[in-house]
Amino acid sequence: MTESTATAGDHRTTLLRRGEVHSPADPFATAMVVERGHVAWVGSEGAADAFADGVDEIIDLDGALVTPAFTDAHVHTTATGLALTGLDLSGAGGLAEALRLVREYSAAHPEGRVLIGHGWDAARWPERRHPSRAELDEASGGRPLYLTRIDVHSAVVTTALLDLVPAVTSLTGYHPEAPLTGAAHHAVRAAAHAAITPAQRMAAQRAALAHAAALGIGSVHECAGPDISDEEDFTALLALAAAGPGPRVTGYWAERVTDAKGARRVRELGALGAAGDLFVDGSLGSHTACLHAPYADRNHTGTAHLSAAEVAAHVAACTEAGLQAGFHAIGDAALTTVVDGVRAAAETLGLARIRSARHRVEHAEMLTPDTIAAFAGLGLTASVQPAFDAAWGGDDGMYAARLGAERARTLNPYAALLRAGVPLALGSDSPVTPLDPWGTVRAAAFHRTPEHRISVRAAFTAHTRGGWRAIGRDDAGVLVPGAPADYALWSAGELLVQAPDDRVARWSTDPRSGTPGLPDLTPGAELPVCLRTVVGGRTVWSDDRFSA
């Protein structure tokens with residue numbers, strides 16, 4: 001695993017005071033001391049006076065909120081940067097607007113060998129259809145163009161890009177008049193990404209990490225792999241993070257491992273595990289998530305990429321090598337495959353070894369009571385993206401269109417996962433949904449299906465400490481003495497405790513409860529604004545308006 005040089009910390013000793021410090025060590029803390037990159041003390045304003053003469057710097061918080069920095073547990077950094085700096089169709093309100101944006105981008109970038117864009121979502125457009133190849137050929141001026149759907153599991157392309165991959169028409173997932181999926185999609189993606197220069201890639205990665213830091217994100221889990229990016233992109237990102245300062249980057253490489261040699265190669269790339277987007281299936285939006293029963297709007301059950309035996313072999317090899325294993329699984333059939341495979345590995349190696357490895361599953365949307373219980377029993381971490389529900393949940397959303405309203409209401413059952421004792425780590429899957437940590441916490445707390453809601457505090461913990469626990473670190477993501485000094489300062493309104501059960505909320509807001517408060521995340525309320533982000537004691541981003 002490679003992390004930013006901010007882990008070395010700043011040897012200066014800093015006292016932060018006259019604020020609100022979110023810490024289980026003292027629910028009423030207003031001050032904190034940071035020394036050599038770690039939290040040294042948390043406490044009250046009166047006690048802070050004893051430290052004032054012995055520190056190198058005093059920061060007057062002036063009422064600002066101090067929290068642990070967020071960890072986004074599922075990010076595609078280069079793709080995020082390309083979306084931030086390039087052709088982003090996520091805001092397009094319809095087909096005509098999307099084609100206009102393509103036309104304008106092509107005209108503004110005559111030098112690009114291949115145009116790359118992201119974010120179209122025909123499910124939200126009044127036309128309810130994707131751009132045709134002829135329309136894209138016209139809008140791009142006949143140039144190679146690669147446009148991923150919002151979920152990145154399918155893409156529409158121009159004729160000129162297909163010409164760069166002559167064998168694509170013989171690959172699985174090639175459709176003359178439909179978005180490309182599967183092997184065909186991976187082939188055109190490789191051709192498009194091959195056109196990105198090292199300078200463009202570094203600029204995109206820098207933009208993504210800077211954007212994350214500006215949002216109070218101190219760590220990201222990069223989910224890379226041969227079907228998503230390439231080794232050069234992955235190792236370049238880890239090298240950039242190591243050069244810091246900036247958010248920490250923990251890398252996952254999604255390639256199947258069957259023996260010690262394969263595990264050693266993954267580790268030599270700098271990856272913490274052979275995990276992340278190791279695809280067991282695809283996505284609901286692209287009709288490629290693998291289901292037990294057919295889609296409501298298609299007469300098929302999606303795509304299966306791995307069998308239970310293949311899952312078991314991967315988990316066993318990773319566990320033997322001391323690597324974390326993990327999978328991308330969304331549909332109920334895919335999640336059954338994962339559970340069956342991990343259970344088979346546990347029967348071979350012993351349950352204790354499997355549980356201690358903290359293997360993880362990305363997305364885990366279409367869970368059942370049986371698979372939730374299996375997650376808990378096998379010690380699997382659920383790396384989930386609450387913004388998916390905010391974007392596509394509800395009886396009128398894309399999930400309901402794909403599955404029918406009844407099945408759609410079962411998706412993303414965060415409350416049931418927590419009740420069962422399944423560890424949660426929250427993320428965005430950016431650029432699928434934007435980097436937006438407080439919005440992510442809000443989406444989990446105000447899930448479109450009320451019985452799946454969790455408290456703001458539980459969601460916040462899953463988006464801070466949960467991300468650290470997902471990489472095997474129990475000593476971070478919380479502001480207590482000895483923890484890494486990864487924190488953010490926020491301009492926020494009144495602090496309170498919000499829970500799905502009003503009785504809990506009323507008691508928790510009583511000062512006698514000793515429960516530290518968090519900002520009001522009620523839908524429509526203004527979200528906190530980041531003033532400064534610190535990683536390992538070093539400032540990696542600061543609002544020019546904030547002066548200590």
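**Entry 1: Phe 70.** I began with Phe 70, which is buried at 0% relative accessibility (buried means under 20% relative accessible area, exposed over 50%, and partly exposed in between, with a 1.4 Å probe and protein chains only). The model is predicted, so I note that local features need pLDDT of at least 70, that side-chain atom pairs count only at pLDDT 80 or more, and that totals for chains, interfaces and linings use all residues. Residues are numbered from 1 along each chain as its sequence is written, and side-chain values use heavy atoms, with hydrogens and water left out.

**Entry 2: Aromatic pairs.** I looked up ring pairs next. Rings of Phe, Tyr and Trp (its six-membered ring) pair if their centres lie within 6.5 Å; planes under 30 degrees apart are stacked, over 60 edge-to-face, and the rest tilted. I recorded nine aromatic pairs by this rule. Phe 70 belongs to strand β7 (residues 70–75) and Trp 438 to helix α18 (residues 437–445), so the pair ties together parts 368 residues apart in sequence. Helices (H or I, at least four residues) and strands (E, at least two) are DSSP runs numbered from the N terminus. Trp 438 is buried, at 3% relative accessible area.

I then found that Phe 70 also pairs edge-to-face with Phe 460, at 5.5 Å centre to centre and 80° between the planes. This pair links strand β7 with helix α19 (residues 456–463), its two residues being 390 apart. Phe 70 and Phe 460 are both buried. Ring pairs gather Phe 70, Trp 438, Phe 460 and Trp 490 into a cluster.

**Entry 3: Salt bridges.** I turned to charged side chains and noted 24 salt bridges (a side-chain nitrogen of Lys or Arg within 4 Å of a carboxyl oxygen of Asp or Glu). Glu 97 and Arg 100 form one, with their closest N and O atoms 3.8 Å apart. These two residues stand three apart in helix α3 (residues 95–108), so about one helical turn separates them. Glu 97 is partly exposed at 30% relative accessibility, and Arg 100 is partly exposed at 36%.

Are Arg 149 and Asp 121 buried or exposed? I found both buried, and their side chains meet in a salt bridge of 3.2 Å, N to O.
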